[in-house]
Amino acid sequence: MRARWIAGALAAVAGLYFLALGQRGWLLVTSGSVVGALLGVGVLLVPLLCAWAVVRELLFGRATQQMARELESVGGLPVDDLPRSPGGRIDRAAADDAFSRYRAETDAAPSDWRAWFRLACAYDASGDRRRARSAMRHAVDLHRSAV
């Protein structure tokens, strides 16, 4: 719940920032100068791109949260029973073993969003954030097509 509140607060602050940039960009566009107009268009494009990225990430977060709730309701979430160091880091060998198990599951059922969700969790546990995000995006795509 705290993460959702923080995300909402950051989105609100970003919205205010985008609004201020939009105002400055519009002032530059209407300044009457060619250079000012070009700079104004650039200033207007940056908040639009940032807003698109923020909305995309919020939708991604909402989709993963919905999938996690669905898996939790049927007991399909991966169990976090991996051995940890005293500092809380997951044992790399155990995470790699879980990764191999979930990778085999996705190979057996490549169109099952549940398998891809669990694989993304395994990638994340093993520290491979790029692949975790990619697998989770694939799970979101499969989930959307299944609904």
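1. Helix H1 (2-29) and helix H2 (34-73) each contribute at least two residues to the lining of the largest pocket. Here helices are DSSP runs of H or I with at least four residues, numbered from the N terminus. H2 gives the most, with 7 residues. This is a predicted model, where local features need pLDDT of at least 70 and side-chain atom pairs count only at pLDDT 80 or more, while totals for chains, interfaces and linings use all residues. Residues are numbered from 1 along each chain as its sequence is written, and side-chain values use heavy atoms, with hydrogens and water left out.

2. The volume of the largest pocket is about 450 Å³. A pocket is an open set of points on a 1 Å grid over the protein atoms alone, where a 1.4 Å probe fits, with protein on both sides within 12 Å along at least five of seven lines; lining residues have an atom within 4 Å of a point. Volume is the space filled by probe spheres set on the points, which are joined across faces, edges and corners.

3. Of the 15 residues lining the largest pocket, Ala3, Gly61, Arg62, Thr64 and Gln65 lie nearest its centre. The lining divides into 8 nonpolar, 4 polar and 3 charged residues. Nonpolar covers Ala, Val, Leu, Ile, Met, Phe, Trp, Tyr, Cys and Pro; charged covers Asp, Glu, Lys and Arg; the others, Gly among them, are polar.

4. On to the second largest pocket, which holds about 320 Å³ of space. Its lining has 20 residues, with Ala120, Cys121, Ala122, Asp124 and Ala125 closest to the centre.
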